[in-house]
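Here is a protein model for you to question. Take it one point at a time.

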Amino acid sequence: MAKKHKRSRSLEDEIVRKATNAALAGAGAGLVLFAGCQDLVPTATDTGLIPINPITVEVLLDFEEFVTDFDVIGGFGSPADLGRGLVARGYRGTLDARTLVRFGNFQRSISVEDSLGVTRLDSTFTALGGQIVIVFDSTDAAPDLPVTLTAAATNTPWDRETATWDLAVDSFGVSTPWPIPGAGLSTPLGSALFDRSVSDTVVIAVDSATVAAWTDSTNLARGVMIDVADTGARLEFRSVSLNIDVRPSINLDTIVSLTGGASERTFIFQPSPDPDPPGLRVGGTPAWRTIMTFAVPETLTGPPALCALVGCPLAITAERINQAELVLTTSFDEPAFVPLSTVLVDIRSVLVPELLPKSPLGESMVGALGQAVAPELFDTETGTTVSFPMTFFIQDLMRGVTRFDEPAPTTISIMTTFEPLLVGFASFEGPGGPGAPILRLILTISESVQIP
Amino acid sequence: MRLRRYTLVALALCTLPAGALAQTLFNAGGLGAPIEPLNARVRGVGGVGPGMFDAMLLPGEPGAAIDLVVPTITFSMQPVWGAYSIGDSRGDLQATRFPVVGLSYPLGINSIVMLTFGGVFDQRWAVTQNSEAVIGGQNVGAEDRFVSDGGVSALRVGWVQRLTAGFGVGISVGTYTGQVTRTFTRTFDTLAVANPITDFTEQGRWQFSGPLATVSGVWDPLDIVRVAATVAWSGDLKAEPVGMTDGVARKFDMPLEVRVGASALLSPGLSIHAGYSTADWSSTGEGFEGVNTTGKATSVGVGIEWEFAQFWAGPLPLRLGYRKTGLPFQLDDEDPVETVFSVGWSFTLAQVGTIPLAGFDFALEFGNRDAGALSEDFRRLTVTFSLAGG
């Protein structure tokens, strides 16, 4: 009996062993076979197997059909935020501009070798005079001919953030006009000729007394007003600095040159652009924004050609919208403020319209860098249409909620990517004219997919 | 409504080179191409299911497991390679599926219970069509792609009982299962336009359900002859839309299918097999829109098996077969027919006495399908792995 049991156990062990080996072999072979299997995408001509026939159409909605409110507001940023200087005199017959600069960050001590050759720190040096060094952006200069630049020391306290052509300070209820509009009654310092065909830099000499006065940081009237003397001229400059020549108290035969940067800079100009433009305005300094509130119709009942093709009433749903573009037509508004370089236009949703102009904004609809629009489209090539993408905004609008399940915004702000970006601004035709804004929709209409 | 101005430009769909993806493009017809849940042994001799001498687990064929005296699991995989042509257009096909999975357990020496999962309809296929549109005066390319992904399967529990030494019956009951997702996508060529155009997508998803039952009889009138028959009943196949699907629910009246098969031993190691099945799909067509069924679809197959040597742990059989199958759904208003020549063999990894414990069965089928302008030539390899033990 025991022997029989032992034989039975042996048979069971053999079965288990063989089955285990076989399972491992089978699994391995299966893996090898499975690894060798892959699907292949073949190509052929029309198979006629697609069971639905969608139709794609382009629909253009006029301004009155999709916009319920429209406004142009300005005042975003100030000339001080632009980081550039501007001088102009009767540019395009109207624009005068002057740049105000206040220097700072002067060295309080210098290292000088004495007669024994030992380097010592000297804080009692004497200022001998200096030079204002202006580096221009020669590509934005007009005219091509040489022009004369002048410098004058300001004598009226002025505020970098709020100074305008008429007011030296306009802040917190304090309003101080210039003695003469345009930072007038300044003390002339000197002049220099700028010829952009020769150099992009101009140097104007400054006497020692003026330099000494500019080192007094408690004097809010200190500074220099830079102007251009030639009518019709307009120049932008990238940087202004002050080089100071000093004599050390230790080694009187030595002259040391120090550099002081412009710690405050702004420009003032006149006249200001018309605050009630006929069309859309984007950019400038301070920057302008165009605000639009949308109400796209939920259904279309015409025209007959559309209805004949896809049937009416035609519902405009988020799922049917393949593309939505705001089509604007460039226009020529204020000649002196035509942009001289590429305008980077951005469109963002206005998240809390009640808080305009301070409302928070949504993400960009055109990309982080904005949509580049060439400057000539606002000058010699006005009347050109420019399309801005807003597919996701319109899809959310028709859905009523965003992709993040938040209430869909209905208002947009058309602006530049940075504010301010340029002195000039972009102008587009407004409602009521032949170039009024258009909403361009690409819709695909299809019956729903069914099981056969 | 103050609609003052529209510009309307319809897509001018110009047929350009397009693509397709599937194990067979016949999956595009009706509910798809039937997946016969047959293993490599049955395919090797051109069988349709019942009547094989060998004990095996086949979905919907409880009688075939009558001699599985040890617990067994089995699965099959099936890669297919081929080429299709539609008119002047030609392309290649390649895909893999797993049509058979099964598990059985003996209750005593005369009863076996089983659980099987097998394919019913394959609905995986895709096709693309390139188009060209004129939008805003610009030519914009577009690619239309329709993808059907999924299929119908069946989950069954079964029981077979040997009533006498030469006769047994089996039954199984189960349910249809599976899903299909059908997606249309129109993709625009964004390189041609300044601002991107998002894809248009229309999608629907359906869940399948429905009861089914099978009764099998196996009769060995002589020691060298086996005859078997199966009657497969099915309730309505229901397709219910899932989630946000706009498409409607459908019900399909599935036919009663009858399958018979017989095997005879001509000499030691040499046997022949024949099988026949039929089902009338006429009433199923009433649930379709724009799809016609072929009416009565039949399948006929014959084959031989010759155990000509011993190899490794068991016999090394060679099988040859032929089978002609009518598919249930028309394509191009014609009845599709599949014709197959097959060769098969087995490789036993482990065997105790006459009971195989583990082994591979292989069947390589060379076939073609035709309906109207669509024609396919294919090579279909079925590999079945079985493992038994206690």
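This is a predicted model: local features need pLDDT of at least 70, side-chain atom pairs count only at pLDDT 80 or more; totals for chains, interfaces and linings use all residues.

The contact between them takes 6 residues from domain 1 of chain A and 6 residues from domain 2 of chain A, where contact means heavy atoms within 4.5 Å.

Residues are numbered from 1 along each chain as its sequence is written, and chains are lettered from A and ligands numbered from 1 in the order in which they are written. Local features need pLDDT of at least 70, side-chain atom pairs count only at pLDDT 80 or more, totals for chains, interfaces and linings use all residues, and side-chain values use heavy atoms, with hydrogens and water left out.

Me: What are the bounds of domain 2 of chain A?
Reply: Chain A is divided into two parts, with bounds from an automatic or database domain assignment. Domain 1 is written as 55-76 + 274-445. Domain 2 is 95-270.

Me: How many strands does chain A have?
Reply: Helices (H or I, at least four residues) and strands (E, at least two) are DSSP runs, numbered from the N terminus. Chain A has 6 helices. Its strands number 28.

Me: What percentage of the residues in chain A is buried?
Reply: Buried means under 20% relative accessible area, exposed over 50%, partly exposed in between (1.4 Å probe, protein chains only). Chain A has 452 residues. The buried share is 49%.

Me: What share of the accessible surface of chain A belongs to carbon and sulfur atoms?
Reply: Areas come from the Shrake-Rupley method with a 1.4 Å probe; for residues, only the protein chains shown count as cover. The accessible surface of chain A comes to about 20500 Å². Carbon and sulfur atoms hold 55%.

Me: Of contacts in chain A between residues at least 6 apart in sequence, what percentage joins residues at least 24 apart?
Reply: The count starts with pairs at least 6 apart in sequence. Those joining residues at least 24 apart make up 76%.

Me: Is Thr330(A) buried or exposed?
Reply: Thr330(A) is found in the loop between β21 and β22 of chain A. Among the residues it touches are Gly383(A), Val386(A) and Ser427(A). Because its relative accessibility is 0%, Thr330(A) counts as buried.

Me: Which backbone nitrogen does the side chain of Ser331(A) reach?
Reply: Ser331(A) is in the loop between β21 (321-329) and β22 (343-350) of chain A. At 11% relative accessibility, Ser331(A) is buried. Its C-alpha is 5.7 Å from that of Phe378(A), 47 residues apart in sequence. At 3.5 Å, the side chain reaches the backbone nitrogen of Phe428(A).

Me: How many of the 9 residues of α6(A) are buried?
Reply: Helix α6 spans residues 391-399 of chain A and is mostly covered. The buried residues include Phe393(A), Ile394(A) and Leu397(A). They pack against elements including β18 (287-294), β25 (385-389) and β28 (438-445) of chain A. The buried count is 7.

Me: Which residue follows α6(A)?
Reply: Its phi is positive, near 90°. The residue is Gly400(A).

Me: Which side chain makes a polar contact with the side chain of Arg234(A)?
Reply: Arg234(A) is found in strand β15 (residues 233-247) of chain A. At 3% relative accessibility, Arg234(A) counts as buried. The polar contact, at 2.8 Å, is with Glu236(A).

Me: What distance separates the C-alpha atoms of Asp69(A) and Arg222(A)?
Reply: Asp69(A) lies in strand β3 (residues 67-76) of chain A. Asp69(A) is partly exposed, at 48% relative accessible area. Along the chain, Asp69(A) and Arg222(A) are 153 residues apart. Their C-alpha separation is 47 Å.

Notes. A polar contact is a pair of N or O atoms within 3.5 Å; within protein, one must be able to donate a hydrogen and the other to accept it, and residues adjacent in sequence count only if both atoms are side-chain atoms. Lists of a residue's contacts leave out its neighbours within four places in sequence.
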